[in-house]
Amino acid sequence: MKKIVSLALVLVLGLTLVFSGCAKKDGAAFELALITDGAPVNDGAFNESAWNGLKAYADENGKTCRYYQPVLTDGVLANETVAEYIDIAVKNGAKYIVLPGEDFAVSAYEVAPTYKDVNFILIDAVPHSRDSEEMHLISNIMCVSFDYYQGGFLAGYVSVTDGLKDGGKVIRKYNTKLGILGSTGNDASGKYSSGYIDGVSYAANELGVPVTVDYAQYNSASLDYNYDFTVEPVYIDVTEAKKDTFKVKVVDGIGSGVYTEGENVTITANPAPEGKVFDHWETKSDTEGVKDKKVNISSKKESSMNLQVGDCDCTITAVWADAETVPVKIVTEKETLTYYAPKNSDFWAEAPAAPSGYVFSEWSVADESIVEDKLSAETNVKVGESEIQLMPVYEKSEFPTFNVTVKNGTGSGSYVTGDTVKVVADAPPEGKMFYKWENVDGQGLSTGIAMDNEYCYHAEFEMVDRYASVVEKMFDDGCEIVFAGGNEISDSVFTAADAFDYPVFGFGWGYDEGSKGSCFASVVNDYGKTVQDALNNYQGGSFISGNCKRNAIYVTGKNLEHYSTNKKGEKVENADYSEGYAKLYDMFAKEQTPETPDVSLVSINFWSK
């Protein structure tokens, strides 16, 4: 079976790979190979950088090269898959194989020793076993490590000195309120954060400007993650409507309210009572002189349909037909919800929202074969002729959860990032009409959630990034820039920054994140540069450092040269040159660590209770 899989992969790769200047010539083997982490080589990130470096080396040295893009399993790069692709690369003649990132650490440890005549380059990771982080030096693996401290130092320095400009206009000469989303339990984050604080301190003392840094350890149990919020429908007086309004009464269904002319309203029947199934809708005009047929619904037979409001007030009634039904009970510790479904039919089951601090795990049911997807909180259930009991199982969440409270409506519960929250407003009081949804957090601030339609009485939204809540509080407290170097949840900084309508920024790390609108700058780990250096100076069983000395770490938008020559041969000043940054970079390149001042103007606020 393994040989068949390998052959299939070769066929797919043969159809899809792009060689871009490293084409195979006269039957020659591909001497250099890159295996991506599942993303393409034009991902604008680490894979592209590594490929550019490999290709540049190949072009300069007359070598052939090729990349392989593995197929992910449920979004994960499996070690077994990497082993298959390494085998393919070797059979295609690879003498050097580049593996970019931590996803390859275990594969390198397990597979590389079996190919003693092949040299591996493992970037930004060290070989280790599946059950241990202990580093192992292997004779045919050269590891590339980046100097996170240098990267953090450069980022901290630029965060202060660059201020804020809008075109040619200087809005702030310096930035003096900064933040870090970090983790002392993470080696990379710790080094980045330490360097960042030292870089900020170096800049503050150089300029004589006091700077404050807020530090939040995102995985600390003592950090305030109280980001619970309330969602509430806003009702207004009918007299405030700018168009003609009509009253809709729904019997045995939801959708009752007062709506403006031309509005499309979804009407949904209640769950069927015992011994009944939905049959059709009955419509009646409640406005004298207007016929019943003027009530414009999209379907009489669908249990959920749309009403186009206009011409008259109306009553819409769900009409039931007799049927042999089976009870379907959803049982939780708090309550038992009983529904009725026709015998030998399908039933759509939805688990109630999880208790605070928990997430849905699976359905527990006597006959698992009747549940289409037992791991999904919403799934189809095959109903036979006997009562069914479904028990949703909840487990303690490894990630922070937060509670949504829906006032005057349904949808309250405990959720995690990515959950879909469905909210339905209660029918408005007499003389009122639904206007919109309003949401506020514990501080009385808008949460920034994006509903599919905040002006509809039933709406849904995807739960926001939980970690972004901490960064939002930093920005609320006045932080101008937040850095999260070395953290896997660093995108939370940009999620938070994008929610503000005044300028706040994230400082990117790893690769150029300038495509993100709220990116101030990025400190880059140049995979391509280190690939070239490793190939030029290959030595198995050793490390090569990606640092300023090799020009492998730098901040985007910074030129180390004060002047350059234009197309006319004229000497021109580079607008992106910074004397202070260039001086600092030169010190690191000469392996001189800048001295942190004895008296620092930097104060650090640790965000924990």
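Mentor: Let's start with a term: pLDDT is the predictor's confidence in each residue, on a scale from 0 to 100. We need the term since this is a predicted model.

Trainee: What does the protein chain average in pLDDT?

Mentor: The average for the protein chain is 89, and 92% of the residues score at least 70.

Trainee: Where is confidence lowest, and where is it highest?

Mentor: Helix α1 (residues 2-16) has the lowest confidence, with a mean of 33, while strand β31 has the highest, at 98. Over residues 1-21 pLDDT stays under 50, and the model has 26 contacts beyond four places in sequence for them.

Trainee: Thanks! Now the overall picture. How many helices and strands does the protein chain have?

Mentor: There are 10 helices and 38 strands in the protein chain. Its C-alpha trace spans about 90 × 65 × 55 Å along the principal axes. Of the 609 residues, 47% are buried. The accessible surface comes to about 30,000 Å², and carbon and sulfur atoms account for 47% of that surface.

Trainee: And what share of the contacts join residues at least 24 apart in sequence?

Mentor: Taking contacts between residues at least 6 apart in sequence, 65% join residues at least 24 apart.

Trainee: Next, sheets. How do strands of a sheet pair?

Mentor: In general, strands pair through backbone hydrogen bonds, in either a parallel or an antiparallel way. Here, an open sheet of 7 strands shows mixed pairing, in the order β35-β33-β32-β31-β8-β9-β38.

Trainee: Why is one side of β35 and of β38 left without a neighbour in the sheet?

Mentor: β35 (553-555) and β38 (602-606) stand at the edges and each has a single partner strand, so one side of each has no neighbour in the sheet. From one strand to the next, the twist averages 20°.

Trainee: In which sense do β8 and β9 pair?

Mentor: Strands β8 (residues 177-182) and β9 (residues 211-217) are parallel, with 6 bridges between them. To find the pairing in the structure, look for L178, whose bridge partner in β9 is V213.

Trainee: What about β33 and its partners β32 and β35?

Mentor: β32 and β33 run parallel and are joined by 5 bridges; F507 has A521 in β33 as its bridge partner. With β35, strand β33 pairs in the antiparallel sense over 3 bridges, and N525 is bridged to I553 in β35. β33 is also mostly covered, as 7 of its 7 residues are buried.

Trainee: Which helix lies across β8, β9, β31, β32, β33 and β38?

Mentor: That is helix α6 (residues 187-207), which runs at about 170° to β8.

Trainee: Turning to a helix, which residues of α10 are buried?

Mentor: In helix α10 (residues 579-589) the buried residues are Y581, A582, L584, Y585, M587 and F588. Their cover includes α5 (148-161), α6 and β35. Just after α10, look at E591, which takes a positive phi of about 60°.

Trainee: How many disulfides does a search of the whole structure find?

Mentor: The search finds 0. A disulfide needs two cysteine sulfur atoms within 2.5 Å. For C479, the closest cysteine sulfur is in C519, 16 Å away, which is too far for a bond.

Trainee: Are these cysteines, C479 and C519, buried or exposed?

Mentor: C479 is buried, at 2% relative accessible area, and C519 is buried, at 13%. The cut-off for buried is under 20%.

Notes:
Residues numbered from 1 in each chain as written. Predicted model: local features only at pLDDT ≥ 70, side-chain atom pairs only at ≥ 80, totals over all residues. Heavy atoms only, no water. Pairing = 2+ DSSP bridges. Helix = DSSP H or I, 4+ residues; strand = E, 2+ residues; numbered from the N terminus. Axes fitted to C-alpha atoms, helices over the stretch in contact; angles between N-to-C directions. Contact = heavy atoms within 4.5 Å. Buried < 20%, exposed > 50% of the residue type's maximum accessible area, 1.4 Å probe, protein only. Areas by Shrake-Rupley, 256 points an atom, 1.4 Å probe, with all protein chains shown as cover.
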